Amino acid sequence: MRSTTRTAALLTGAVVMLAGPVVAWKVMQDPADPRISVGAVPAATLIPGDVRDMTGRMIASAVWTGLVSYDPRTGAPVNAAAESVTSDDRKVWTVRLKPGGHFQDGSPVTAESFTEAWTAVLHEGWSGARLFTDIAHIKGAKAAATGGSSDSGTTDGSSGSGAADRSSGSNGSGPVASSGPTDDSNASGGSNASGGSGAVGGSGAVGGSSGTDGSGATDGSGGPGATADKAAEATKAKSKPIDGLKVVDDRTFTVTLDRPLNGFPALLGDPAFFPLPDSVLRSRDWTSYGRRPIGNGAYSIRSTGQAETVLDRPGARTIVVKAMPDPAKQYSAVRAGDLDIATAVPANKHGSMEADFRKRHLAPPGRSMTYLAFPEWDKRYAEPSVRQALSMAIDRSAVSEGALGNQTSPADSLVPPGILPGKRESGPCRPCVHDSRAAVAVMADAGGFKGQVRIWHEPADSAWVKVVAGELRKELKLDAQPTQVNDLAKAVADKKVDGPYVLHSTPAYPAPVAALEPLLNAGTGYSDDYTTDLINQAESAATPEDGVTQARMAETSLLRDMPAMPLWTAHDHLVWSERLRGVTSDAFTGLHLSALTVKD
């Protein structure tokens, strides 16, 4: 009996010792689950016009085919559903669709699939609406957005960056201090931080959450008649066409902008511009549609739920996007063979990715950038040399690796590195480089600084702002202190801000000018005719490529005056299993699900 027990114990020990290798061998060899599994933060919504996070963009780009897509190598837009997007004056654009396009329910993709979908984005007040009103400036879009209902549950109301009126420079409606970035940005640090609908940086839909019509006010007249009248008015507003959108035939429509924009074709790759099928455009049942959207892309959605979203494609492996908000669990799951690819990496694993995954990891550059902007009305910051001294005193690498948990890259330009077209190759901007001695010397040449340096921010940015304040105290011996407010946009607009303030911005399309234009509308009060003229030239040049020179000249001017100092850009992290192939990513789409394959 004792011998039998000993033998059993030895056998049990052998099993325990073999368990690890057997499980690892099983993961590599057993095709029990042939699906490709992707770990990601849960998407807030799968309605393309309302996408607000990187997961939503990633899934939308697999389920829909937009008019254009983005080349992951060059960042340039390439025609997808569009046969051509042309204009003689960069103001009136003609879009011609490729023939034979169909949605996954079999219905045809027509010109109205796009124009009516865009109209719905505006009338429903979805997060993508700002791309139409404040970036593209489509004729009649602002009126449609104002007259439409905003009761769809959207709370951020901002997609892209920039503001409508660049001439004032002090309206506070620009990309001011978005707290807790709502999409790809995560510019203050965090996982899954590359690209989105560009919902960072705008003032968003401040207020408007308590009224029955989404405006923050109630009718006050009461009575069923008043309710019926308001419902009828809302229905009428939602059926009103947009002045700048005209259908020519089933495959052709025109778009008229309020002003020339050569980057308009590049903007069309955003999910906000994706088409919708006639069935939902007629029913307006967005709740049901959001549970199982119908697109026109390579993959269709089989099912959605709190735990996962399952995507199917004829002749290809099923993809399951698993809801895994914890980067550590994603990372561990890939190492254990339970997940094919993680879209986020915890801060404490940043240095071990190479050891754990060899060449199977990637940190795609992002498009969201964090700045500290300066209020022109506080004359202590009037001299550019003062701003440059403050910039050189900040050790961006130390903050990125410390308080921001390796989720950002130090800025070396005013333009995020995820914008590949027109990429600057001349090295980092001088004021972006940490240089204690130069910072002290430049500040002394400026006559020094008197009084307290208050760094204004919202709660989401408190950790790193404390570190930056500490560096200014250490390097320049300044009394630098964090100043937290809940609504920084309002504080800037009211000119209550008396020091540098946090600014998050996400360019709406891949061109340098798309990153620079919002800096003229960040509420700083900065105004420079030379820089503004260069921005206008860059936007109205014959092609985006022709506008690169003017954009870079504008960047040089902005670096000289420094109305906002660049700090860092968010980036994604990807780690994947040995069997996975085809991993590609860009700052505007994120991980390209349709390119993923498995080693045979």
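Which residues do ring pairs link into a cluster? Ring pairs join Phe114, Trp118, Phe132, Phe253 and Phe273 in this way. The legends below describe a predicted model, in which local features need pLDDT of at least 70, side-chain atom pairs count only at pLDDT 80 or more, and totals for chains, interfaces and linings use all residues. Residues are numbered from 1 along each chain as its sequence is written, and side-chain values use heavy atoms, with hydrogens and water left out.

**Figure 1. Overview of the chain.** The chain has 19 helices and 23 strands; helices (H or I, at least four residues) and strands (E, at least two) are DSSP runs, numbered from the N terminus. Of the 600 residues, 52% are buried. Here buried means under 20% relative accessible area, exposed over 50%, and partly exposed in between (1.4 Å probe, protein chains only). Among contacts (heavy atoms within 4.5 Å) between residues at least 6 apart in sequence, 75% join residues at least 24 apart.

**Figure 2. Aromatic pairs.** A pair of aromatic rings is described by the distance of the centres and the angle of the planes. Rings of Phe, Tyr and Trp (its six-membered ring) pair if their centres lie within 6.5 Å; planes under 30 degrees apart count as stacked, over 60 as edge-to-face and the rest as tilted. The structure holds 13 aromatic pairs. One of them, formed by Trp64 and Phe274, is stacked, with 6.4 Å from centre to centre and 25 degrees between the planes. Trp64 lies in the loop between helix H2 (54–63) and strand E2 (68–70), and Phe274 in the loop between helix H7 (264–267) and helix H8 (278–283), so this pair ties together parts that are 210 residues apart in sequence. Trp64 and Phe274 are buried. The rings of Phe114 and Phe253 have centres 6.1 Å apart and planes at 20 degrees, so this pair is stacked. Phe114 belongs to helix H3 (residues 111–124) and Phe253 to strand E7 (residues 252–256), and the pair links these distant parts of the chain, 139 residues apart. Both Phe114 and Phe253 are buried.

**Figure 3. Helix H15.** The 15 residues of helix H15 (residues 462–476) should span 21 Å at 1.5 Å a residue, and the end C-alpha atoms are 21 Å apart, which agrees; the expected span is 1.5 Å times one less than the number of residues. Its buried residues are Trp464, Val465, Val468, Ala469, Glu471, Leu472, Glu475 and Leu476. Seen down the axis of H15, the buried residues fall within an arc of 155 degrees, so they line one face of the helix; the arc is that of the directions from the helix axis to the C-beta atoms. Lys466 and Lys474 are exposed on the other side of H15. After H15 comes Lys477, with a positive phi near 55 degrees.

**Figure 4. Helix H10.** In helix H10 (residues 327–336), the buried residues are Pro327, Gln330, Tyr331, Ala333 and Val334. They cover an arc of only 165 degrees around the axis, which puts them on the same side of H10. The face turned away from this buried side carries the exposed residues Lys329 and Arg335. The cover over the buried residues of H10 includes strand E1 (36–40), strand E11 (341–342), helix H11 (353–357) and strand E19 (574–576). Just after H10, Gly337 takes a positive phi of about 85 degrees.

**Figure 5. Helix H12.** Seven of the nine residues of helix H12 (residues 384–392) are buried, and the helix is thus mostly covered. The buried residues of H12 pack against helix H13 (396–401), helix H14 (436–445), H15, helix H19 (548–561) and E18.

**Figure 6. Lys91 and its surroundings.** Lys91 is found in the loop between strand E4 (82–86) and strand E5 (92–97). At 32% relative accessibility, Lys91 counts as partly exposed. The C-alpha atoms of Lys91 and Asp258 are separated by 7.1 Å, although these residues are 167 residues apart along the chain.
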